[in-house]
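Visitor: Could you take me through a fold slowly, giving the general idea of each feature before its particular case? I would like to begin with the sheet and end with the loops.

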Amino acid sequence: MSKDPFIIIAEDDADDRLMIQEVLDESAVKINYQFARDGEILINLLKNNTIPSLILLDLNMPKIDGRQALQMIKAESSLQQIPIVILTTSINQDDKDRCFKLGADDYIAKPSNYNDMRIIISRLREKWLKNN
């Protein structure tokens, strides 16, 4: 029997956290999740052996931003296998290129509405969480 997938969502914006939470909570497929409001909290969770099936990572966060967190995670051999999907408002091609160079598995522009977020979460679940 497989366990429910667990994701960490590194997101500092309260409205975005609420929208993601509502989408995950309404999902027919149970997904356990935890929010990290900045990159420092994310790194501390990972250091304390909270190993998720997937990390959703915003780029523009306080303390340690998403780019720095991505680089730190991918530099740690015990964490390199965790898929990391960048979920950000940045549509800057340089950001996208840099994230892929640092080891991001996907890069998605944040949607502005609930229905689009549902579609994104559904696609992420199918792509990254189907084996759990």
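This is a predicted model: local features need pLDDT of at least 70, side-chain atom pairs count only at pLDDT 80 or more; totals for chains, interfaces and linings use all residues.

Visitor: In what order do the five strands form the open sheet, and is the pairing parallel or antiparallel?

Guide: Residues are numbered from 1 along each chain as its sequence is written, and side-chain values use heavy atoms, with hydrogens and water left out. In general, strands of a sheet pair through backbone hydrogen bonds, either parallel or antiparallel. Helices (H or I, at least four residues) and strands (E, at least two) are DSSP runs, numbered from the N terminus, and two strands pair if DSSP finds at least two bridges between them. Here the order is S2-S1-S3-S4-S5, and the pairing is parallel. Strand S2 (32-36) and strand S5 (106-109) stand at the edges with a single partner strand each, so one side of each has no neighbour in the sheet. From one strand to the next, the twist averages 20 degrees.

Visitor: Which residues are bridge partners across S1, S3, S4 and S5?

Guide: S1 and S3 pair in the parallel sense over four bridges, and there Ile 9 has Leu 56 of S3 as its bridge partner. Leu 56 also stands opposite Val 85 in S4, S3 and S4 being parallel and joined by three bridges. Leu 57 has Ile 86 of S4 as its bridge partner, and Ile 86 in turn has Tyr 107 of S5, within a parallel pairing of S4 (residues 84-88) and S5 that has four bridges.

Visitor: Which way do the side chains of S3 and S4 point, and are they buried or exposed?

Guide: The scale is relative accessible area: buried means under 20%, exposed over 50%, and partly exposed in between, with a 1.4 Å probe and protein chains only. In S3, Leu 54 and Leu 56 point one way while Ile 55 and Leu 57 point the other way, and all are buried. In S4, Ile 84, Ile 86 and Thr 88 point one way and Val 85 and Leu 87 the other, and again all are buried.

Visitor: How is H5 to be read, and what do its buried residues pack against?

Guide: An α-helix has 3.6 residues a turn, so residues three or four places apart point the same way. Met 117, Ile 120, Ile 121, Leu 124 and Arg 125 are buried in H5. Down the axis of H5, these buried residues fall within an arc of 135 degrees (taken from the directions from the helix axis to the C-beta atoms), so they line one face of the helix. They pack against H1, strand S3 (54-57), S4 and S5, a contact being heavy atoms within 4.5 Å.

Visitor: Where is Glu 11 found, and is it buried or exposed?

Guide: Glu 11 is found in the loop between strand S1 (6-10) and helix H1 (14-26), and it is buried, with a relative accessible area of 2%. Leaving aside neighbours within four places in sequence, Glu 11 is in contact with residues including Asp 16, Arg 37, Asp 58 and Lys 110.

Visitor: How do Asp 38 and Lys 63 compare in accessibility?

Guide: Asp 38, in the loop between S2 and helix H2 (39-47), counts as buried at 6% relative accessibility. Among its contacts beyond four places in sequence is Lys 63, which belongs to the loop between S3 and helix H3 (66-75) and counts as exposed at 61%. Lys 63 has a positive phi of about 65 degrees although it is not a glycine.

Visitor: What is the phi of Asn 49?

Guide: Phi of Asn 49 is near 65 degrees, a positive value in a residue other than glycine. Asn 49 is found in the loop between H2 and S3, and is exposed at a relative accessible area of 65%.

Methods:
Axes are lines fitted to C-alpha atoms, for helices over the stretch in contact, and angles run from 0 to 180 degrees between N-to-C directions.
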